[in-house]
Amino acid sequence: MTIETIFFVILAVTAVVSAVLLVTRVNPMHSALLLIVNFIALAGIYLTLHAQFVAIMQVLVYAGAIMVLVLFVIMLLNLQDEARLHDTRSWRQYSGAGLAVAVLAALIPLLGGSGAFTTEALAHAQSNPATLGTVESIGNELFRNFLFPFEMASLLLLAAIVGAVVLAKKRFP
């Protein structure tokens, strides 16, 4: 077992444990901190997989920008009465958990039979692992093979921003 594999396992266990604790905590600030731990563990996993660009984006976008947004929302909600959150489990929570297990049970055979995890598919995906996830390889793929979808996504985001500004604009007399 290499040192890289050991780091991968440690980071994976950290990510899973922080994710489970994230959804089981009642205090939203504790959940936000656990979300940061989860994002950083995922960035570490990306680094062990030699995907430096994805790891940097994980830290900058998710651990940085998204977490600031989450903290602002938590502060704006002003959750002071946490005693209400300690209510008993309802039938909706049990039915939601049962539905999640059913969906997971339905997805496992689909993923296994799709051939996405066969040795041929993994060998094709790892054809050049040294450049996979680097800035250069992502730039080449993005601006050579996926230019049109990239531009369409930028137009959709621009339309969403304009729509948000129009909706948030206050009318002055």
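I started at S18, which lies in helix α1. Helices here are DSSP runs of H or I with at least four residues, and strands are E runs of at least two, numbered from the N terminus. I looked up the burial of S18: the residue is buried, with a relative accessible area of 3%. Buried means under 20% relative accessible area, exposed over 50%, and partly exposed in between, with a 1.4 Å probe and protein chains only. Next I listed its partners. Not counting residues up to four places away in sequence, S18 touches L34, V37 and N38. Contact means heavy atoms within 4.5 Å.

A note on the source: this is a predicted model, in which local features need pLDDT of at least 70, side-chain atom pairs count only at pLDDT 80 or more, and totals for chains, interfaces and linings use all residues. Residues are numbered from 1 along each chain as its sequence is written, and side-chain values use heavy atoms, with hydrogens and water left out.

I checked confidence next. pLDDT is the predictor's confidence in each residue, from 0 to 100. The chain averages 79, and 77% of the residues score at least 70. Helix α1 has the highest mean pLDDT of the elements, 92, while α5 (residues 119-125) has the lowest, 59.

I then went back to α1 (residues 3-24), where F8 is also found. F8 is partly exposed, at 33% relative accessible area. F8 belongs to a nonpolar surface patch with V9, V13, V17, L21 and L49. Together they have about 470 Å² of accessible area. Such patches take residues with over 30% relative accessible area and no salt bridge; nonpolar side chains (Val, Leu, Ile, Met, Phe, Trp, Tyr) are joined within 5 Å, like charges within 9 Å. A salt bridge is a side-chain nitrogen of Lys or Arg within 4 Å of a carboxyl oxygen of Asp or Glu. Areas come from the Shrake-Rupley method with a 1.4 Å probe; for residues, only the protein chains shown count as cover.

Which residues make up the largest nonpolar core? I found six: A32, L35, F39, A63, M67 and I74. Helices α2 (28-48) and α3 (52-77) are the elements that give two or more residues to this core. A core joins buried Ala, Val, Leu, Ile, Met, Phe, Trp, Tyr and Cys residues through side-chain atoms within 4.5 Å. Leaving aside neighbours within four places in sequence, A32 contacts M67, V70, L71 and I74.

Last, the whole chain. I counted seven helices and zero strands. Of the 173 residues, 14% are buried.
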